[in-house]
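I opened a new notebook page for this structure. The entries below follow the order in which I looked things up.

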Amino acid sequence: MSNLFYKYYDILFTSKDYEEEVFKSLEIAKKYLNHEPKNILEIGCGTGSHTLELAKLNIPITSIDVDQEMITRCREKIKENNISNVEIYDKRIQDLDLKDFDICFSLFNVVTYIPKFNELVSFFNAIYNSLSDDSVYIFDCWNGSAALLDPPKGKEYSVKNNNEEINCKLESNTDFINQKTTLRYNLRVTKENGEVIEDKYDLDQYLWTPNQIKDALGLAGFTKFECYENFNLNEVATDKHWKIMFVCQK
Ligand SMILES: C[S@@+](CC[C@H](N)C(=O)[O-])C[C@H]1O[C@@H](n2cnc3c(N)ncnc32)[C@H](O)[C@@H]1O
């Protein structure tokens, strides 16, 4: 049986407003792009919640993820919604040879999953090579500087799903030397008949500082990039902003 984290991923993040994030990301991308996008590349599509919103644009969308369980759910959602303009790859962007995209998004901390600096550079370089001239790449991620000053804390919450209740006790453990936070999702599902299932899942998140990300983008070939508070072009990122967004142009 797959881990409960995967089974309940969409339920655990039910309060995340995917529609609004895609709307804002597109609004920002269009400020930089001087024409309507002819296609979009989405990296780290996960279970496809942003993908479903992007598909509404009726232009070709290419969505990729390395996680087989996530991508399986993404494929199911695309099929269930009879979507025909999304192509899905279960590979790292570094292992694909994609070309000529007008916009690339990697939303919801994809970059925070990358463990090594040289991998960060090769990830950005693969994106750079997948873009057409004058295109835009936008991503959000944790601000490593803010997280090292004020490390993420644990929390507990419950969500109802049909006749089940899902309780999530999130524990957070930060390793300051290796710039890494491990999030432990302790999940407890109570079924309608009272049966209880428990499982846990550890997710490592890497605390890249804005400076490290800028260095990696530069080494990957990008010369034009800015770092803002998440989805807010009016606020240049500071160590007070826990979530940040990069807007890069090729
Ligand atoms: C927090 S999830 C976000 C998923 C989805 N965008 C969402 O908002 O639900 C980050 C995803 O990035 C994927 N990822 C990390 N590194 C990747 C890479 N090099 N190429 C493709 N996907 C990657 C992970 O497998 C994970 O599913």
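**Entry 1: the eight-stranded sheet**

I began with the open sheet of eight strands, whose order is S3-S2-S1-S4-S5-S12-S10-S11 and whose pairing is mixed. I then looked for its edges: strand S3 (86–89) and strand S11 (232–236) each have a single partner strand, so one side of each is left without a neighbour in the sheet. On average, neighbouring strands here are turned by 25 degrees against each other, direction ignored. I note that the model is predicted, and that I read it as such throughout.

S1 (residues 40–43) and S2 (residues 61–64) pair in the parallel sense, with four bridges. Ile43 has Ile64 in S2 as its bridge partner.

I also checked what lies across this part of the sheet. Helix H5 (residues 68–80) lies across S2 and S3, and runs at about 165 degrees to S3.

**Entry 2: the four-stranded sheet**

How many strands form the open sheet that contains S6, and in what order? I counted four strands, in the order S6-S7-S8-S9, with antiparallel pairing. Strand S6 (155–161) and strand S9 (196–206) stand at the edges with a single partner strand each, so one side of each is left without a neighbour in the sheet.

I went through two of the pairings. S7 (residues 164–175) and S8 (residues 180–190) run antiparallel and are joined by 11 bridges. Thr174 stands opposite Thr181 in S8. S8 and S9 also run antiparallel, joined by 11 bridges. Here I found Arg188 opposite Glu198 in S9.

**Entry 3: domains**

I took the domain bounds from the domain assignment: domain 1 covers 4–142 + 208–249, and domain 2 covers 147–206. The centres of the two domains, taken over C-alpha atoms, are 24 Å apart.

Which residues count at the boundary, and how many are there on each side? I found 14 residues of domain 1 in contact with 15 residues of domain 2. On the side of domain 1 that touches domain 2, helix H1 (4–7) and helix H2 (9–12) are the elements that give two or more residues. By class, that side of domain 1 has 10 nonpolar residues, three polar and one charged.

**Entry 4: the ligand shell**

Next I looked around the ligand. The shell holds 21 residues, and the closest are Gly44, Gly46, Asp67, Phe108 and Tyr113. I sorted the shell by class and got 12 nonpolar, six polar and three charged residues.

**Entry 5: overall dimensions**

I counted eight helices and 12 strands in the protein. The C-alpha trace spans about 55 × 45 × 35 Å along its principal axes.

Which radius of gyration does the protein have, and what would a compact globule have? With 250 residues, a compact globule would have a value near 18 Å, and the protein has 18 Å, so the two agree.

Technical notes:
Residues numbered from 1 in each chain as written. Predicted model: local features only at pLDDT ≥ 70, side-chain atom pairs only at ≥ 80, totals over all residues. Near = placed C-beta within 6 Å. Nonpolar A, V, L, I, M, F, W, Y, C, P; charged D, E, K, R; others polar. Domains from an automatic or database assignment. Contact = placed C-beta atoms within 7 Å. Pairing = 2+ DSSP bridges. Axes fitted to C-alpha atoms, helices over the stretch in contact; angles between N-to-C directions. Rg over C-alpha atoms; globule rule 2.2 N^0.38 Å.
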